[in-house]
Amino acid sequence: MEQRERAPGRALVEAGELVAGSMARGAAGLLFDPAPARVRLDAGLAAWLRRTADAADTEPPSPASTRGRCRAGAALAFATELSVTRAAQGRTVRTDAYLLPGPGERAPADEVGEAVLLAARATAEEWRVRHLGYLLAEAAVSPDLDPAVVHRGLRLATGLTGRQWVLLAAVGRRERVPLPMTPVPQDPRGWTAWGALEDLAELQRDGLLDPPPATPRPGGAALPRLRPADLRLTRRGVLVHRLLALDFVRDRAVADALADLAG
């Protein structure tokens with residue numbers, strides 16, 4: 001209890017172990033007691049993540065479930081994990097006003113952090129928490145994405161199903177893992193294939209994947225058959241893919257989603 005009163009945010013990140021595994025404790029140590037760590041985070045970035053953790057644990061949304069608290073902590077742990085990776089890749093933390101407190105002592109990054117942790121608390125599909133945390137890290141090293149665009153990307157992402165995230169991941173890695181050439185079924189009888197086709201059609205209608213859905217031709221001519229290999233990320237799709245770091249979606253998940261789509 002004394003430790004929690006001294007550093008409530010650390011207790012929150014450590015609670016993420018239930019979702020993120022033992023990595024959460026390492027992330028908490030890196031944020032709140034970095035001296036023994038072999039790696040370092042940018043000072044401004046670490047201070048923001050600590051501030052976000054402290055605020056989330058001292059003023060949790062009501063009602064706040066125990067499991068939801070663990071998901072919020074896990075998101076911060078995953079943000080720390082990807083921040084270390086991005087630093088090793090030579091990507092530096094943005095130097096604009098994104099991390100700097102403004103009116104009301106709130107930085108634009110604080111608003112993004114609060115929105116991401118609320119989304120993490122609310123999701124029942126806990127594998128998604130990893131990518132919500134990654135959004136925090138990716139936005140912090142992306143000076144070309146202003147806060148409004150980051151918020152737009154988060155809104156787009158949270159409105160999608162988990163399988164839609166995976167389908168975006170599949171299209172995003174098409175250059176190294178070719179997509180199937182077999183056309184998707186037009187009227188699948190199985191519910192799994194039907195649901196996967198609905199997910200795909202929504203991504204097309206909502207402008208995250210090209211080509212858009214085919215429209216009926218005059219005279220009732222047959223519609224062209226859509227092949228997964230024909231799919232491309234649109235600008236919206238690229239934004240969601242990038243912010244969620246969907247390159248890290250597991251290959252097995254991608255293979256399963258494509259199998260669902262094939263019926």
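What follows is a dialogue on reading a predicted model, from the whole protein down to single residues.

Colleague: Before looking at any detail, how many helices and strands are there in the protein?

Modeller: This is a predicted model, and in this model the protein has 13 helices and two strands.

Colleague: What does the radius of gyration of the protein say when it is set beside that of a compact globule?

Modeller: For a chain of 263 residues a compact globule would have a radius of gyration near 18 Å, and the protein has 20 Å, which agrees with that expectation. Along its principal axes, the C-alpha trace spans about 75 × 35 × 35 Å.

Colleague: How should I read the packing of two helices, and at what angle do helix 4 and helix 6 pack?

Modeller: In general, two packed helices are described by the angle between their axes and the distance between the axes. Here helix 4, residues 23-32, and helix 6, residues 66-88, pack at an angle of about 70°, and their axes are 9 Å apart. Because angles of 65 to 115 degrees count as roughly perpendicular, helix 4 is roughly perpendicular to helix 6.

Colleague: Which residues make the contact between helix 4 and helix 6?

Modeller: Helix 4 contributes Met-23, Ala-24, Ala-27, Leu-30 and Leu-31, and helix 6 contributes Ala-77, Phe-78, Thr-80, Glu-81 and Val-84. Sorted by class, this contact of helix 4 with helix 6 has eight nonpolar residues, one polar and one charged.

Colleague: Is Leu-76 buried or exposed?

Modeller: Leu-76, which is found in helix 6, has a relative accessible area of 0%, so Leu-76 is buried. Leaving aside neighbours within four places in sequence, Leu-76 is in contact with Leu-12, Val-13, Leu-49, Thr-52, Ala-53, Leu-117 and Leu-136. The C-alpha atoms of Leu-76 and Glu-125, which are 49 residues apart along the chain, are separated by 17 Å.

Colleague: And is Arg-86 buried or exposed?

Modeller: Arg-86 lies in helix 6, and since buried means under 20% relative accessible area, Arg-86 with its 10% is buried. Apart from neighbours within four places in sequence, Arg-86 is in contact with Arg-91, Glu-138, Val-141, Ala-245 and Phe-248.

Note on methods:
Residues numbered from 1 in each chain as written. Predicted model: local features only at pLDDT ≥ 70, side-chain atom pairs only at ≥ 80, totals over all residues. Heavy atoms only, no water. Axes fitted to C-alpha atoms, helices over the stretch in contact; angles between N-to-C directions. Helix = DSSP H or I, 4+ residues; strand = E, 2+ residues; numbered from the N terminus. Parallel < 35°, antiparallel > 145°, perpendicular 65-115°, else oblique. Contact = heavy atoms within 4.5 Å. Nonpolar A, V, L, I, M, F, W, Y, C, P; charged D, E, K, R; others polar. Rg over C-alpha atoms; globule rule 2.2 N^0.38 Å. Buried < 20%, exposed > 50% of the residue type's maximum accessible area, 1.4 Å probe, protein only.
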